[in-house]
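Subject: Handover of a structure and notes on it

Dear colleague,

I am writing to hand over the structure shown below. Please read the notes that follow it with the structure open beside them.

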Amino acid sequence: MRLLEEKISKDGRVLSENVLKVDSFLNHRIDPQLMLEIGKEFARIFAGEEITKIVTIESSGIAPAVMAGLQMNVPVIFARKRKSLTLVDDLLTATVYSFTKNETNEISISNKYVDKSDRVLIIDDFLANGEAALGLVKMVQQSGAKVAGIGIVIEKSFQQGAKKLHDLGIRVESLARIASLANGEVTYIKENVEELI
Ligand code: 5GP
């Protein structure tokens, strides 16, 4: 998605060979207009998948997921990273290690919001080693629902997540795919002739 790549190149900061900081439009301050375009793009890409629910993880997945939910007219459920006193229903859970925070969280969603009749689109801000996405896949599968696809805003293709998800036979669509963050520069994977022009 050209608009997103331009935004990353203009406002993103490469913190190391593995970490990109996008606090100014996605992870702290949020650019609503860009999120709306991201939502439209996910809706366009997954239009044929008969999605009934979107599942994401707090906090940075929520903005793109809500915009996609608005465009697709489906509810959005976000997994919590900490147990909430108000979350008293039976829970679907998974354990997720975050390499950016160096911490492990037991993530959960209430089992009353996803069931076996659902076709779920999982959305997240970043795909790195795939821990968060795999945790979300496990939780959705515990409910008996079908994972119809995974939509990622920024995929760091040089890490292992995309491969792990493809190996499970899951459709993964990423709006920006980063080949490398070496030398403080963002290099994208270009696969689409239109985008090369
Ligand atoms: P994974 O679980 O795929 O290893 O990492 C995905 C999660 O870690 C995302 O939900 C995101 O919050 C965080 N993350 C991974 N890589 C980056 C990065 O380069 N920059 C930022 N800001 N977050 C990242």
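The notes below begin with conventions and then describe the sheet, the ligand, a helix and some backbone details.

This is a predicted model, in which local features need pLDDT of at least 70 and side-chain atom pairs count only at pLDDT 80 or more, while totals for chains, interfaces and linings use all residues. Residues are numbered from 1 along each chain as its sequence is written, and side-chain values use heavy atoms, with hydrogens and water left out.

**The sheet**

Helices (H or I, at least four residues) and strands (E, at least two) are DSSP runs, numbered from the N terminus. Two strands count as paired if DSSP finds at least two bridges between them. Six strands form an open sheet with mixed pairing, in the order β4-β3-β7-β8-β9-β10. Because β4 and β10 (187-188) stand at the edges, each with a single partner strand, one side of each is left without a neighbour in the sheet.

Strand β3 (residues 53-57) pairs with β4 in the parallel sense over four bridges, and Thr 56 stands opposite Phe 78 in β4. Strand β7 (residues 119-127) also runs parallel to β3, joined to it by three bridges; here Lys 53 has Val 120 in β7 as its bridge partner.

Strand β4 (residues 76-79) has a covered face, formed by Ile 77 and Ala 79, and an uncovered one, formed by Val 76 and Phe 78. Together, β3, helix α4 (residues 62-72) and β4 make a right-handed β-α-β unit. Right-handed means that, with the strands pointing away from the viewer, the path from the first strand over the helix to the second runs clockwise.

**The ligand**

Which residues come nearest to the ligand? Of the 16 residues around it, they are Leu 20, Ala 128, Gly 130, Ala 132 and Lys 156. A residue is counted as near if one of its heavy atoms lies within 4 Å.

A nitrogen atom of the ligand is 2.7 Å from an N or O atom in the side chain of Lys 156. An oxygen atom of the ligand lies 2.8 Å from a backbone N or O atom of Ala 128. For the side chain of Asp 125, an N or O atom is 3.1 Å from an oxygen atom of the ligand. The ligand has 500 Å² of accessible area on its own, and the protein covers 88% of it. These areas come from the Shrake-Rupley method with a 1.4 Å probe.

**Helix α5**

Helix α5 (residues 131-142) has 12 residues and, at 1.5 Å a residue, should span 16 Å; its end C-alpha atoms are 17 Å apart, which agrees. The expected span is 1.5 Å times one less than the number of residues. The buried residues of α5 are Ala 133, Gly 135, Leu 136, Val 137, Met 139 and Val 140. Buried means under 20% relative accessible area, exposed over 50%, and partly exposed in between (1.4 Å probe, protein chains only). After α5 comes Gly 144, with a positive phi near 90°.

**Backbone details**

A cis peptide bond, with omega about -5°, joins Glu 58 and Ser 59. Ser 59 is placed in the loop between β3 and α4.

Glu 50 is not a glycine, yet its phi is positive, near 50°. This residue is in the loop between α3 (32-45) and β3, and is exposed, with a relative accessible area of 61%.

Yours sincerely

Notes: A polar contact is a pair of N or O atoms within 3.5 Å; within protein, one must be able to donate a hydrogen and the other to accept it, and residues adjacent in sequence count only if both atoms are side-chain atoms.
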